[in-house]
Amino acid sequence: MSLSFSPRKPSLTCLVQKVKVIDTMRKIILASRSKARRALLKQIGLKFTVAGSSVKESRRLKGSCADLVIGNALLKAQDAARRYASGIVIAADTVVLVDGRIIGKPRDIQDAFRTLKLLSRRPQWVYSGLAVIDIDKNKIFTTYVKTKIFMLPLSGRQIHDYFKRVSPLDKAGSFDIQGLGSIFIDRIEGCFYNVVGLPLAELASILGKLGVKLF
């Protein structure tokens, strides 16, 4: 009696695990301490180093909101790039614009309450500026993405109950769109990841131009 042997094909799960982390062969530097931005880079499989920036973002709207966030992102990227001899630096800046006014992180709980009440009654624009510096090739890429958000109207009681569960003080707009705050969203027009803080499609396009392939 003869026995035949067929090698077992690797499962899809195994294949995914093998390419879970992408080795770009180039040093990727994230000029941000943002947990959300770190999570997004990990989500697309990039291996990177975190280099926080000491740059203080401007929140004065002298020109367009696009110019503001691009300028802030570029300053952060340049600040980090000066500390490295080679690699690719990624930096971003995100703001919320409503009724022509920049909405940042709240000063205190009272400010957070007023902010969230306002946002639940007005459409808001989220702008993210993106700056990527290739230190080795001396190339700079900048762009921005904007997304429009419509929230459900919130009562004072809903906002107070939300703040008992989630601290708004470290969040632009006073809510977390990836957490419990997601239930406040009626609809989004544009890139969701821009709202989180890093427009992934735009970033992937720039990285591709620099020879960093995500597939």
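**Figure 1. Residues from helix α4 meet residues from helix α5 in this predicted model.** On the α4 side, look for I109, A112, F113, L116 and K117; their partners in α5 are G156, I159, H160, Y162 and F163. Sorted by class, this contact between α4 and α5 has 7 nonpolar, 2 polar and 1 charged residues.

**Figure 2. Here is how helices α4 and α5 pack.** Two packed helices are described by the angle between their axes and by the distance between those axes. Helix α4 covers residues 109-119 and helix α5 covers residues 156-165. Their angle is about 130°, and their axes lie 10 Å apart. Angles of 65 to 115 degrees count as roughly perpendicular and those over 145 as roughly antiparallel, so α4 and α5 are oblique to each other. The crossing of the two helices, α4 and α5, is right-handed.

**Figure 3. This view shows the cysteines C65 and C191.** How many disulfides does a search of the whole structure find? The search finds 0. As a reminder, a disulfide is a covalent bond that joins the sulfur atoms of two cysteines. C65 has a relative accessible area of 6%, so this residue is buried. C191, with 23% relative accessibility, counts as partly exposed.

Figure 4. Which residues does K139 touch, leaving aside its neighbours within four places in sequence? K139 is in contact with V132, I133, D134 and L210. Now find I88: K139 and I88 are 51 residues apart in sequence, and their C-alpha atoms are 9.5 Å apart in space.

Technical notes. Residues numbered from 1 in each chain as written. Predicted model: local features only at pLDDT ≥ 70, side-chain atom pairs only at ≥ 80, totals over all residues. Heavy atoms only, no water. Axes fitted to C-alpha atoms, helices over the stretch in contact; angles between N-to-C directions. Helix = DSSP H or I, 4+ residues; strand = E, 2+ residues; numbered from the N terminus. Parallel < 35°, antiparallel > 145°, perpendicular 65-115°, else oblique. Left-handed = near helix turned anticlockwise from the far one by under 90°. Contact = heavy atoms within 4.5 Å. Nonpolar A, V, L, I, M, F, W, Y, C, P; charged D, E, K, R; others polar. Disulfide = S-S within 2.5 Å. Buried < 20%, exposed > 50% of the residue type's maximum accessible area, 1.4 Å probe, protein only.
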